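Please look at the structure shown here before reading on, and keep it in view while working through the points that follow.

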Amino acid sequence: MLKLYHSPGSNSTRILWLLEELGADREIVVVKYPRADSSEADPRNPHPHGFTPALEHEGHLVSETAAIALYLTDLYPDAEVGVPVGHALRGAYLTWLFYQVGLTEPLVYMKGQGLLVQDRAMGGLNESMMQHIRHTLQRGPYLLGPRFTAADILFMSLFEMARPLLGDCPVIDAYLARADRPARRRALALDR
């Protein structure tokens, strides 16, 4: 049985959405999210820093959003939202999963904190990254063309939260409109 440690309004909502897309049986354990200094972490949460999401499966812990997304989509290889090993799109799928957590999310965070104006190199990287994403979505409708995947869940969740930081961008707006999926609506109803 899958056990998701979830804190409402946190990144674990993305994993709720993914679990709904997969139709996976699971237990949801609602935990308190820690303060910014990592204090007051919920002792029930096995994540090493008390953050969410954290996932337990058959006695094993998986933490970090992209790792959990990959783990779950590999666990359900026939699911439409994953790309199985050996498939022609596997490399692109892995690239977008880790592009989101390794580059896009940190740069969006830096932009939100006003740090990109202080660091010209990172500001330039942010512009280049957003140009790459916009170009990819113009060919879309999703990151892997016609195929909606867990990578889209990660990007859509981030872009929805950070929409004011992204400026005028009809391509991103159209992409976010495609996030209105039945599984997402079910996940948001559970996000309490």
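The protein chain in this predicted model has seven helices and four strands, and read along the sequence these elements follow the pattern β-α-β-β-β-α-α-α-α-α-α. The radius of gyration of the protein chain is 17 Å, close to the 16 Å that the globule rule gives for 192 residues, so the chain is as compact as a globular protein of that length.

**The chain as a whole**

- Along its principal axes, the C-alpha trace of the protein chain spans about 45 × 40 × 30 Å.
- Of the 192 residues in the protein chain, 48% are buried.
- When contacts between residues at least 6 apart in sequence are considered, 61% of them join residues that are at least 24 apart.

**Surface and charge**

- The accessible surface of the protein chain comes to about 9600 Å², and carbon and sulfur atoms account for 55% of that surface.
- There are 19 positive and 22 negative side chains in the protein chain, and the centres of these two sets lie 4 Å apart.

**Helix H6**

- Which residues of helix H6 are buried? In this helix, which runs over residues 170–177, the buried residues are Val171, Ile172, Tyr175 and Leu176.
- These four residues cover an arc of only 135° around the axis, which puts them on the same side of H6.
- What do the buried residues of H6 pack against? Their partners are helix H4, which covers residues 120–139, and helix H5, which covers residues 150–161.

**The residue Met1**

- Met1 is located in the segment before strand S1, a strand made up of residues 2–6.
- Is Met1 buried or exposed? Because its relative accessibility is 64%, and a residue counts as exposed when this value is over 50%, Met1 is classed as exposed.
- Although Met1 and Glu58 are 57 residues apart along the chain, their C-alpha atoms are separated by 6.7 Å.
- If the neighbours within four places in sequence are left aside, Met1 is in contact with Asp25, Arg26 and Glu27, and also with Glu56, His57 and Glu58.

How values were computed:
Residues are numbered from 1 along each chain as its sequence is written. This is a predicted model: local features need pLDDT of at least 70, side-chain atom pairs count only at pLDDT 80 or more; totals for chains, interfaces and linings use all residues. Side-chain values use heavy atoms; hydrogens and water are left out. Buried means under 20% relative accessible area, exposed over 50%, partly exposed in between (1.4 Å probe, protein chains only). Helices (H or I, at least four residues) and strands (E, at least two) are DSSP runs, numbered from the N terminus. The arc is that of the directions from the helix axis to the C-beta atoms. Contact means heavy atoms within 4.5 Å. The radius of gyration is taken over C-alpha atoms; the globule rule is 2.2 Å times the number of residues to the power 0.38. Accessible areas come from the Shrake-Rupley method with a 1.4 Å probe; for residues, only the protein chains shown count as cover. Lys and Arg count as positive and Asp and Glu as negative; His and the chain ends are not counted. The place of a charge is taken as NZ of Lys, CZ of Arg, CG of Asp or CD of Glu.
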